[in-house]
Amino acid sequence: MELRRLEYFLVLARVLHFGRAAEELHISQPGLSQQIKVLERELGTPLIHRSAKAITLTTAGEVLRERGERVLAEARLCVEQVREAAEQPAGVLRVAYTRSGADLDMHEFVERFRMRYPAVRLSLSTAWTSRNLELLEAGEVDVAFVRSTVRHRALESLVVATEELVVAMADNHPLAARERVSCDDVIDLPLVHWPRAQGPGYHDEIRRQIWGDRPQRVVLEQPDAEHILREVAGRAGIAVLDEHRARKLCPPGVRMRRFVDPVPTTTLVMAWQPHAAQAPVDRFIQLCREHLSPRGR
């Protein structure tokens, strides 16, 4: 049984009129009638009752109409999937996560890509922003997630998430009694921070929004949020961190407080080298853009 004849029959079974079916199929009415007769011979049974006034389906015709719709839909899906497979990129996509974005959309992007393009092998790593940019510029990764605006001329970037900055403080700190705090409340307080070299743009973004041109009282530097929050719990000072990570890692003895409006924020950015982009990179960027569009959410 040819799928073309099955399609002819299904249109006829829907409209129950040779003339209208032939017009919809863009073939002649005698041609349609001939094709239905050939199909009936192939199946060895009449599919329609013909009369001068109308046509109706036989019992066999009803069965073919019901099952044929599924057969034709499955055949069309098969063709689409075969064509998609032929267009699938192959190779390797090397993605560098940033440590502070673990609770944002990075992993969702990668998992969506894994499901859509199973022929592409994923190589994943995690580091801080400065290191990720170094790897990207050296061509050792294809896509890097970083914090704050990317100012490298050779790179293109896409903001994939925005989140608030919050203040972490010991639970007996005077500001812990407040629901929200202002920048003026914290600018003169001892601060536990991380080294600027790990992410200069992110570091400067925090300083600009909260301290402006005023100096910070950095009393300790620690390499990551876990160690920073441990120092805060030990009452060494306050800390300013991205909200998701801070709340997830918050140890006993520490309180988180949001800022008053205008709330300082930070961004998670995806960066890549446009001149070095291969098919897997292009598809990954496209997938991320789709996810971020209003329709994709």
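At 32% relative accessibility, E108 counts as partly exposed (between 20% and 50% relative accessible area, with a 1.4 Å probe and protein chains only; under 20% is buried and over 50% exposed). This is a predicted model, where local features need pLDDT of at least 70, side-chain atom pairs count only at pLDDT 80 or more, and totals for chains, interfaces and linings use all residues. Residues are numbered from 1 along each chain as its sequence is written, and side-chain values use heavy atoms, leaving out hydrogens and water.

**View 1. E108 pairs up with R112 in a salt bridge.** That term means a side-chain nitrogen of Lys or Arg within 4 Å of a carboxyl oxygen of Asp or Glu; here the N to O distance is 3.2 Å. Both residues sit in helix α5 (residues 106–116), four residues apart, or about one turn of the helix. Helices (H or I, at least four residues) and strands (E, at least two) are DSSP runs, numbered from the N terminus. R112 is partly exposed too, at 35%.

View 2. E243 is buried at 18%, while R247 is partly exposed at 39%.

**View 3. R50 reaches E40 through a salt bridge.** The closest N and O atoms are 3.5 Å apart. This pair links distant parts of the chain, with R50 in strand β1 (residues 48–50) and E40 in helix α3 (residues 29–43), 10 residues apart. E40 is buried at 12%; R50 is partly exposed at 40%.

View 4. The whole structure holds 21 salt bridges.
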